[in-house]
Amino acid sequence: GPAFVSKEDKEDPARKQISHRENVSFAIKEGLKKMNIKSANVHTILPTSDVMIRYFSMPNIPRREQEQAVKFEVRKYIPFKIDKLVCDFKVLPTVSRSNRNIEVFFVAAAKDNLSSHLDLFKKADADAVGVDIIPFALVKTLVLCRKISPKDNAAVLYIDSDKISAS
């Protein structure tokens with residue numbers, strides 16, 4: 001370990017967290033101010049450390065029953081109670097000739113983490129009107145910049161320090 005401990009290292013970790021969050025909100029507010037943006041509706045990306053992404057197969061059931069069935073099925077793959085999460089899913093198109101199973105792309109974040117993330121923007125007087133995850137944001141950016149077409153078969157690989165995501 002280090003030979004000395006600075007005053008900063010002795011601070012309460014919770015206090016450091018609050019201080020960091022205040023700095024982030026201040027930076028957002030100042031950035032918007034420098035760009036002459038008075039009223040900001042922003043789209044944000046959740047940090048990869050706050051997101052769980054799961055991909056799984058399950059029996060094909062009527063569309064009206066899928067949401068409840070996915071919430072039941074996903075309990076096998078996540079270590080949290082579903083009521084503590086904000087989640088969404090998409091049934092992916094399949095190339096299989098048999099329609100016995102559906103492929104599900106599931107994304108979740110802890111309600112507390114999402115609320116804390118959105119609070120950064122509230123404190124900066126900005127309104128977070130959309131939240132996404134990095135793989136989807138990258139694909140949307142590439143489509144918007146016309147680097148890929150929504151009709152293209154394309155892969156986007158995002159490598160974070162400890163996670164790999166493909167879209």
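Which residues does Met52 touch, not counting residues up to four places away in sequence? Met52 touches Ile78, Pro79, Phe80, Leu85, Phe106, Val107 and Ala108, where contact means heavy atoms within 4.5 Å. This is a predicted model, in which local features need pLDDT of at least 70, side-chain atom pairs count only at pLDDT 80 or more, and totals for chains, interfaces and linings use all residues. Residues are numbered from 1 along each chain as its sequence is written, and side-chain values use heavy atoms, with hydrogens and water left out.

**Met52**
- Met52 belongs to strand S2 and stands opposite Ala108 in S4.
- Met52 is buried, with a relative accessible area of 12%; buried means under 20%, exposed over 50% and partly exposed in between, for a 1.4 Å probe and protein chains only.
- Between Met52 and Ala110 there are 8.9 Å in space, C-alpha to C-alpha, although the two are 58 residues apart in sequence.

**Sheet**
- Three strands form an open sheet in the order S2-S4-S3, with antiparallel pairing.
- Strands S2 (51-59) and S3 (85-92) are the edge strands, each pairing on one side only.
- On average, neighbouring strands of this sheet are turned by 25° against each other, direction ignored.
- Nine bridges join S2 and strand S4 (residues 101-110) in the antiparallel sense; strands pair if DSSP finds at least two bridges between them.

**Helix**
- Helix H3 (residues 63-73) lies across S2, S3 and S4 and runs at about 110° to S2.
- Helices (H or I, at least four residues) and strands (E, at least two) are DSSP runs, numbered from the N terminus.
- Axes are lines fitted to C-alpha atoms, for helices over the stretch in contact, and angles run from 0 to 180 degrees between N-to-C directions.
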